[in-house]
Structures are given as structure tokens and as C-alpha cells.
Amino acid sequence: MSYVGESHKILRTVRVNLMSKPGYLGKVAGAIGKAGGDIGDVTIANIGPHSVTRDISVQVDREEQLAEIRAALGQLEGVEVVDIFDRIFEMHRGGKIHMTSRVKVDSLAELRKIYTPGVADVCRAIAKDRNKADFFTGIPNSVAIVTDGTAILGLGDIGPVAGMPVMEGKAALFDLLVGISGVPVLLATTDPGEIIRTVRNIAPGFGGILLEDIAAPACFEIEEALQRELDIPVMHDDQHGTAVVTLAAVLSACRQVGMNIRDAVVGQIGLGASGLANAKMLLDYGAREVLGTDLQQPAMDRLVEYGGRATNMNELMKKADIVVSTTGVAGLIKPEMIRKDQIILALSNPTPEIEPELALEAGAAYAADGRAVNNVLGFPGIFRGALDAGAKKITSAMLVRAAETLAGFAKDGSLVPGPLDREVHRAVAGAVQKVAMGE
């Protein structure tokens with residue numbers, strides 16, 4: 001999903017040294033709670049002969065509360081505040097990815113094989129037959145992660161360099177979950193034509209292109225042009241990766257309340273990159289009708305081109321059996337708008353368009369926010385399956401099958417499975433590969 005997450009909260013780690021006696025940790029927790037801190041993980045950093053050093057994850061609303069927590073802990077006998085630090089920044093120090101060699105080079109003979117003069121034989125073989133690059137290079141297992149920095153998370157246009165931590169995160173997840181080499185590519189241009197030309201020119205070195213955090217409407221033009229011009233898979237993750245996980249969430253919700261999506265009217269509130277992709281995905285899956293609303297007329301026009309029907313907020317809420325909202329506007333959906341037995345998926349983060357509890361109280365059959373709907377569930381397996389199949393495109397059928405697979409792994413009470421379950425990603429890859437090879 002294209003969002004910041006719990007960005008309105010401040011997360012820090014409080015390292016405290018306390019007496020190794022019963023009750024001291026409870027005193028520390030009580031002091032943190034009174035100062036307004038919300039405690040998460042508690043781990044042991046060190047054990048001494050008479051004391052224990054613990055790292056306590058604490059979430060607060062304001063920076064000033066950290067000083068209040070330090071002061072409160074300082075008043076406790078037998079408790080010493082060693083440090084308060086930001087573990088998130090520590091995890092990003094030096095970057096999160098690093099290119100390594102897959103072969104050992106421990107001798108001059110090995111050097112001569114992987115580099116000059118031995119490598120020349122491999123180069124000549126590929127020059128004679130381009131297909132041999134699929135066997136003797138890493139190209140077919142690599143994906144360029146391309147951004148112009150115009151729509152980074154929920155932060156907006158902050159530039160490509162500021163978006164690099166996101167691109168590194170994508171690359172790390174590609175490697176961790178499905179063994180793909182993801183390579184961040186930062187573009188110092190926001191001109192769609194120049195982006196298209198640049199990606200087209202670097203494409204020979206990659207097996208696929210993942211477009212990331214490129215703002216609408218330019219993202220539509222860029223993706224459509226590259227899909228036409230390149231013979232490798234191209235996908236804009238903010239559109240289709242998000243839409244896959246959203247469809248999976250809709251299917252899970254329908255299963256839990258006994259609703260058939262093919263008999264349902266679905267309403268999509270917000271027709272940005274992800275909202276339009278959601279609407280198209282729902283249409284491709286076979287929803288009886290898809291309604292959509294947005295403040296921008298060009299977005300409404302594009303929905304109509306896809307086969308949906310543009311409307312206003314009031315009609316959508318009255319007619320839709322399933323409501324999906326991705327506007328970023330907290331509190332947009334009022335309790336009085338809820339129709340009995342509707343499914344409400346208010347997916348904006350950090351604050352949804354309506355809190356699930358309020359929607360349920362107003363009569364919704366099922367309601368959820370977007371905390372679990374993370375597109376890391378989609379893009380790794382989709383690309384793994386496409387690359388394994390040698391696919392030249394990522395098609396609608398492949399995306400729909402990925403969503404169905406995700407929904408099948410969701411446990412009762414959950415919209416989608418856990419994002420770090422490698423079995424899920426292997427299953428998505430296998431399902432996508434099977435569709436691609438059939439196509």
C-alpha cells in the first residue's frame with residue numbers, strides 16, 4: 001500500500017538498567033504508562049550479577065513525552081536510563097542492501113575464469129545467441145525498482161533520493177522472500193516521456209521492471225507505454241500490487257459474511273492510482289457492478305473507460321454492498337451513511353475513513369481498516385512467478401489468481417495472511433507461473 005503507516009506516532013527504544021529483583025520491571029512499565037508511553041517489545045540486552053539491562057519499545061504522541069519518561073524513570077530507585085534511541089534509524093544505517101558475489105574467488109585461476117580472459121568466451125557466446133544471457137547472467141532474476149520520487153508513501157513528492165529507503169526495502173524483501181535481485185533506480189526527472197525513454201534504455205539489464213511511488217496521472221501513461229514497448233514484465237506496484245491485496249481482502253471479507261462478489265455492487269471511494277486499480281481488478285474478477293467516486297473528473301472518466309460507473313458519495317454508499325475506500329481522508333465515512341449488512345473496508349492509513357468499530361455499530365456486516373493490507377504480500381510472488389515462467393507481460397489473469405491465492409491463505413477472522421510467510425509467497429509465485437505458462 002502507498003502509505004506512511006503509523007507516522008503520527010513516535011517510536012523509540014528506552015534502554016534501562018534495573019535491579020534484578022521482582023517488581024522493578026513493573027515499576028518501570030508503570031512510570032512509562034503514566035507519562036503517556038505505550039509499551040511494545042521488551043527484550044534483555046545484558047544480564048549482570050545484580051542488575052538487568054532491558055530494551056523497551058515505547059510509542060508516544062509527542063517528542064516531549066520522551067523527556068517526561070526519562071524524568072519519571074530517573075525518580076525510581078534502582079533504575080538507570082542508559083539511553084533513548086531510534087531503532088528504526090539504526091536499522092537503516094549504511095543502507096539495507098548490498099550486492100555480493102555468488103561465486104568464490106580464492107585464486108588467480110578462479111579470477112581468470114570469472115573475469116578476463118575467461119569471461120570473454122561467455123560474452124562471445126551471448127553475442128551469438130542473446131538467449132544464452134538467461135543462463136549465464138543474472139538478468140532473468142533481476143528487477144529494476146524505478147521511482148521518480150513523486151508519490152513516496154503518504155509523504156508525496158519528496159524526491160527520489162528521499163525515497164531510496166523505500167526502494168531499498170523493496171529490494172530487501174525481493175531477496176528475503178523470493179530470492180530476486182532488486183536494484184533501486186532513482187530518476188532525476190518527473191517528465192513521463194523521459195522516464196519512459198530512460199527505463200526503455202536500461203531494460204536490457206533486467207528481467208522485469210517494478211515502477212514504484214510515481215504519482216498519478218503520470219503513472220498510468222508510463223506503465224502503459226512500457227508495457228507496450230518492452231518484452232519483460234512491467235508493473236506499477238502502487239496500482240496493481242495494492243489491487244491484488246485489496247481483492248484478496250474483499251474475497252476474505254465476502255467469505256466471512258457469506259456474500260458472493262459476483263452478485264454484489266462494489267463501491268470504490270477515491271480513484272487515485274490504487275483506487276482505480278482496485279476498481280479495475282474488481283471488474284476483472286467479475287463484480288456485478290463497480291461504482292466509483294473522486295473529486296477529480298479525469299479519474300472518474302478513466303473509471304468509466306475501465307467499465308465502472310462514476311457517481312457521487314451518497315449514491316455509492318446507498319447502493320454498494322461492498323465499500324472500499326482509499327482516500328486518505330480520516331472520518332470521511334459517517335456512521336449514518338452505513339447501510340445494514342454492508343462490507344466496509346476503509347483502507348487509508350494511519351487513520352481510516354471510518355473506524356471499524358463505528359462501522360459495525362452502525363450495522364455493517366464486516367468492517368476493517370488497512371493495517372493488514374500491505375502490498376508486500378503481492379509484488380514478490382507476482383514477479384517470481386512471472387520470471388520463472390519467462391513471461392513477457394503481467395496480465396490481469398495472473399493478478400486475479402494471485403489475489404485468490406492470498407485469500408485462500410487467510411485464516412478465519414483475518415483479511416490476508418501474514419506478510420513474512422514464505423509459503424504464501426511460494427504459493428503466489430506458483431499460481432502466477434501456472435497462469436503465465438497457460439497463457
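Analyst: Lys96 counts as partly exposed, at 28% relative accessibility; that class lies between buried (under 20% relative accessible area) and exposed (over 50%), with a 1.4 Å probe and protein chains only. The model is predicted, so local features need pLDDT of at least 70 and side-chain atom pairs count only at pLDDT 80 or more, while totals for chains, interfaces and linings use all residues. Residues are numbered from 1 along each chain as its sequence is written, and side-chain values use heavy atoms, with hydrogens and water left out.

The side chain of Lys96 meets that of Glu168 in a salt bridge at 3.6 Å, N to O. Lys96 sits in the loop between α3 (87-92) and α4 (108-114) and Glu168 in helix α7 (residues 164-178), so this pair ties together parts that are 72 residues apart in sequence. Helices (H or I, at least four residues) and strands (E, at least two) are DSSP runs numbered from the N terminus. Glu168 is buried, with a relative accessible area of 13%. The criterion for a salt bridge is a side-chain nitrogen of Lys or Arg within 4 Å of a carboxyl oxygen of Asp or Glu.

The whole structure holds 22 salt bridges. One of them joins the side chains of Arg15 and Asp55 at 2.6 Å, N to O. This pair also links distant parts of the chain, with Arg15 in strand β1 (residues 10-19) and Asp55 in strand β3 (residues 51-60), 40 residues apart. Arg15 is partly exposed at 27% relative accessibility, whereas Asp55 is buried at 6%. Another salt bridge brings together Asp121 and Arg124, whose closest N and O atoms are 2.6 Å apart. These two are separated by about one helical turn, because they lie three residues apart in helix α5 (residues 119-128). Salt bridges that share partners also join Glu289, Arg309, Glu315 and Lys319 into one network.

Ile114 is partly exposed, with a relative accessibility of 43%. Together with Val103, Val105, Leu108, Leu111 and Tyr115, Ile114 forms a nonpolar surface patch with about 560 Å² of accessible area. Patches are built from residues with over 30% relative accessible area and no salt bridge, joining like charges within 9 Å and nonpolar side chains (Val, Leu, Ile, Met, Phe, Trp, Tyr) within 5 Å. The areas come from the Shrake-Rupley method with a 1.4 Å probe, and for residues only the protein chains shown count as cover.

Turning to the sheet, four strands form an open arrangement in the order β6-β5-β7-β8, with parallel pairing. Its edges are β6 (181-186) and β8 (234-236), each of which pairs on one side only. From one strand to the next, the twist averages 20°. Two strands count as paired if DSSP finds at least two bridges between them; β7 (residues 208-211) and β8 have three, in the parallel sense. Leu211 stands opposite His236 in β8.

Helix α10 (residues 237-257) packs on this sheet, touching β7 and β8, and its direction makes about 80° with that of β8. Helix α15 (residues 379-389) also packs on the sheet, where it touches β5 (142-147), β7 and β8, and its direction makes about 160° with that of β7. Such angles run from 0 to 180 degrees between N-to-C directions, and the axes are lines fitted to C-alpha atoms, for helices over the stretch in contact. Helix α15 is largely enclosed by the rest of the structure because nine of its eleven residues are buried, among them Phe379, Ile382 and Arg384. Just after α15, Gly390 takes a positive phi of about 70°.

Ser252 belongs to helix α10 and is buried at 0% relative accessibility. Apart from neighbours within four places in sequence, Ser252 is in contact with Ala407, Ala410, Ser414 and Leu415, contact being heavy atoms within 4.5 Å.

Finally, strand β12 (residues 322-325) directs Ile322 and Val324 one way and Val323 and Ser325 the other, and all are buried. In a regular strand, side chains alternate between the two faces of the sheet. Strand β12 pairs in the parallel sense with β9 (residues 265-269) over four bridges, and Val266 stands opposite Ile322. Four bridges also join β12 to the parallel strand β13 (residues 343-346), in which Ile344 is the bridge partner of Val323.
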